[in-house]
Amino acid sequence: MSKFDPYEHLNVVLNQDGSITRLLDFPTTQATGDQHHLPGQAVVSKDITLNEEKKTWMRLYRPSKLPSNDKSIAKLPIIVYLHTGGWIHFSVASTIIHESCNQLCSEVPSIVVALNYGLAPENKLPSQYHDTVDAVLWIKNQALDCVNGEKWLREYGDFSRCYLYGVSCGGNIAFNSALKLLDKKLEPLRINGVIMNQPLFGGKMRTKSEMRLATDPFFPLPVIDVLWDFALPKGTDRDHRFCNPMMNGPYRDKINKLGRCLVIGFGGDPLIDRQQEFVQMLVKEGAMVEARFDDVGFHGIEVVDSRRAAAIINFVKEFV
């Protein structure tokens with residue numbers, strides 16, 4: 001591994017000020033806008049500013065075919081979506097993320113609020129958790145605002161069925177943000193569950209799966225280490241609780257208040273041992289946990305395997 005360059009693998013250049021230059025320009029897709037849908041278009045979407053100063057924003061998705069103000073029709077769950085990208089890549093406008101949200105919205109079906117949180121290393125943890133709390137409080141405010149509240153949420157969303165759903169680093173964000181939200185007054189909003197798909201956790205002590213899959217072609221160990229260097233606050237290491245949820249601390253006492261949790265993982269992921277330890281810890285601390293682990297598969301498999309992507313959507317559908 002001595003000749004392996006994690007920065008080259010990630011297609012980034014580290015700058016002297018600690019920021020990075022991203023060498024890949026990922027394809028992006030515009031939101032459809034708040035308009036009548038085109039024939040065959042299952043989902044419509046629009047962008048909303050969250051915090052101008054922090055440059056955070058959200059993309060809202062709703063199914064295009066919805067009953068009009070029929071009170072007898074059940075409203076849709078609201079899913080706050082926290083995207084993958086190793087803390088450093090993608091936005092909710094990235095085509096790969098946009099298509100995932102379209103599918104989630106259409107198949108569950110649900111109202112999806114995809115958060116464009118600040119990327120590392122320009123934004124260190126816990127800034128991504130704060131961005132998520134901002135987004136959830138924004139949703140709560142729409143429920144309270146009878147005059148100017150966001151129409152898609154007020155007319156079609158069920159504020160008592162809100163979920164945090166994160167993929168990879170987004171799974172980490174979902175867990176830590178859910179803990180922070182326990183200290184907030186959210187009524188009439190209710191966080192009904194936390195979904196963590198292949199959550200990104202770490203620690204100084206290597207696990208067996210990390211050692212076994214150290215040279216994984218997609219997610220090798222030196223790359224994972226660099227991503228934590230980018231994300232963690234200065235002066236901390238991989239045993240900081242943002243990275244390693246197995247560390248003891250006052251936050252462990254709050255876990256039994258999290259409600260329902262769904263954790264998804266695959267046997268070929270270097271992180272699989274950590275994810276399984278995490279599930280055991282959640283159970284021990286009193287959380288209600290559903291675990292969906294498959295021996296076959298690797299980190300990010302749903303990007304290249306449409307069958308697995310559909311299976312994950314089904315797990316989410318059954319959970320919400």
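Reader: How many helices and strands does the chain have?

Author: Helices here are DSSP runs of H or I with at least four residues, strands are runs of E with at least two, and both are numbered from the N terminus. The chain has 9 helices and 10 strands. This is a predicted model, so local features need pLDDT of at least 70, side-chain atom pairs count only at pLDDT 80 or more, and totals for chains, interfaces and linings use all residues. Residues are numbered from 1 along each chain as its sequence is written, and side-chain values use heavy atoms, with hydrogens and water left out.

Reader: What does the radius of gyration say about the chain?

Author: The radius is taken over C-alpha atoms, and the globule rule is 2.2 Å times the number of residues to the power 0.38. For 320 residues the rule gives a value near 20 Å; the chain has 19 Å, which agrees with a compact globule. Along the principal axes, the C-alpha atoms fill a box of roughly 60 × 45 × 40 Å.

Reader: What share of the residues is buried?

Author: Buried means under 20% relative accessible area, exposed means over 50%, and partly exposed lies in between (1.4 Å probe, protein chains only). Buried residues are 54% of the 320 in the chain.

Reader: Which residues does the UniProt domain annotation cover?

Author: UniProt positions follow the numbering used here, feature names are shortened, and annotations may be inferred rather than shown by experiment. The unreviewed entry gives "domain: Alpha/beta hydrolase fold-3" for residues 79-301. Over residues 79-301 the chain is 35% helix and 19% strand. The end C-alpha atoms of that stretch are 22 Å apart.

Reader: Where are the cis peptide bonds at Pro126 and Pro188?

Author: Most peptide bonds are trans. The bond from Leu125 to Pro126 is cis, with omega near 10°. Pro126 sits in the loop between β6 (111-116) and α3 (127-144). Glu187 and Pro188 are also joined by a cis bond, with omega about 5°. Pro188 is in the loop between α5 and β8.

Reader: What else is in the loop between α5 and β8?

Author: Lys185 is there, between α5 (169-181) and β8 (191-197). Lys185 counts as exposed because its relative accessibility is 63%. Lys185 and Lys140 are 45 residues apart in sequence, and their C-alpha atoms are 9.3 Å apart in space.

Reader: Is Pro245 buried or exposed?

Author: Pro245 counts as buried because its relative accessibility is 2%. Pro245 lies in the loop between α7 (221-231) and β9 (260-266).

Reader: Which residues does Pro245 touch?

Author: Leave out residues up to four places away in sequence. Pro245 then touches Phe175, Phe201, Tyr251, Arg252, Phe278 and Met281. Phe278 is 33 residues from Pro245 along the chain, and their C-alpha atoms are separated by 7.1 Å.

Definitions and conventions:
Contact = heavy atoms within 4.5 Å.
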